[in-house]
Amino acid sequence: MTLSTVPRYDGTRGAEQGGHAVVIGAGMAGLLAARVLADEFDRVTVVDRDPLPDEPIARRGVPQAEHIHILLEGGRATLEDLFPGYGAELLSNGGLVIDAARDVNFYAEGDFLAEGPRRIPLYCATRPLYEQAIRRRVADLEAVRLRPGCRWRDYLVDERATTVEGVAVTDGNSGTEELPAELVVDATGRTSRTPAWLDRHGYAPPAVDEVSVDLAYSTVLLERPADDRRAFVVTPTPPRTRGGAVHTVEDDRWVVTLFGLHGDHPPTDPAALEEFAAGLPTPELHRLLREQPRVSEEVSHYRFPANRRYRYEDLERFPEGLVVVGDAIASFNPIYAQGMSVAAFEAVLLRRALAAGGRDDLALRFFERAAETIDAAWAMAVGSDHQFPQTTGPKPRGTDVMNRYLSRLLRRAHADGVLADAFFRVLLMERPPSSLLHPGIAWRVLEPTRLTRGVFSRPSREPTHGQ
């Protein structure tokens, strides 16, 4: 499911109001869950072990925060529904908006994609700035209380462990404390301990799908001329396992992230990182690293071993009063930038599950709804990863056929802006992957002899100062 298929948030408060909800984790998934729970509960408490500063600072609990984060259109539009004026607030705090059709130079299958026929606004910022704007808006909600420096210890349950009735936490100021609640939301990401907790308390834990990619990426910050809004994406294509991206962010900077799959990892030394970039099939990233001043000599590094998905939707039994969201359900190869948008979609689906059936049997109803959203993101990420023979793990049905089709589409999109536009709309989670099989698109992909109708040239990748 994508922006065109997920029901939009309508802002109507639920008929069943009252009680207390606790959200464990103040990352994007946790904050967005708190936002929709404030429509249903009198009180919502968000606990997180990290400090939650008012400034846009990378938090220890978000180890990938210093690397590129892209707010896809599906996520942006959903955030705007949840927080009217979010985009304007992001811009007022230093973020910026570029045209993905013109400013993003996307290299795939041997060349850059053509410029599309329509503007595609893309909001740009660092992860800490995206999160700060959300955290401020959530903290302003009358029903919500943020509790930083508060570490989750365990769930509180009834005698038979059939219902979660709150959480036990450790606060650095007051010691161990119990927080009774009618609903607890686990938004602790890949470190979630809910599967192990289920196993200890007599529940079948969810089955786990893992697709190993052995990814690592390294990131540096470069100074950027204020009027230069170019961005770059260089995708890996077998047998080449390395790629990279340049993202325009606040404070006149570029975030440059280089990555490699299946052990082809980028180094953490700045000079060696330039050499790694020289191994990309197009010179732009290497040139920027060589010519643009660095903000600092620090190189941030992060490893991601595998896509991981917990199949909560297949469970027949689950405790009442508990729901799992975000990366704690599924975490995707981060080079596809899906995490924030999937979290936004899940928040809307959680709200709809509450509105449709109240709090009874909430988790299983939510997991079933969320599985459809996750299926689309999972198929895109894992399907792309399975281009490489080194990738191990379950392969979605039809992956090989779809990969061949996408390869042909991207090669045609080097000179066809209509195909480039269709691909970007899917990549940005605005439209579902099935839209690429629409007869008008499929004909442009599969037509034996291509004419040049509807073709748009890619502008120069040199700086366009003053435009």
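I searched the whole structure for cavities and found four of 30 Å³ or more; a cavity here is a set of points on a 1 Å grid over the protein atoms alone where a 1.4 Å probe fits but cannot get out, and a volume is the space filled by probe spheres set on the points, which are joined across faces, edges and corners. The model is predicted, so I noted that local features need pLDDT of at least 70 and side-chain atom pairs pLDDT 80 or more, while totals for chains, interfaces and linings use all residues. Residues are numbered from 1 along each chain as its sequence is written, and side-chain values use heavy atoms, without hydrogens and water.

I looked up the second largest cavity, which holds about 40 Å³, and its lining (residues with an atom within 4 Å of a point) includes Ile57, Arg59, Pro128 and Glu131.

I then turned to the second largest pocket (an open set with protein on both sides within 12 Å along at least five of seven lines), whose volume is about 400 Å³. Of its 20 lining residues, Glu66, Thr126, Pro128, Leu221 and Arg253 lie nearest the centre. Strand S12 (208-223), a DSSP run of E of at least two residues, gives the largest share of that lining, three residues.

Last, I traced an open sheet of five strands in the order S7-S2-S1-S11-S17, with parallel pairing, where a pair needs at least two DSSP bridges. S1 (residues 20-24) and S11 (residues 183-186) pair over four bridges, and valine 23 has valine 185 in S11 as its bridge partner.
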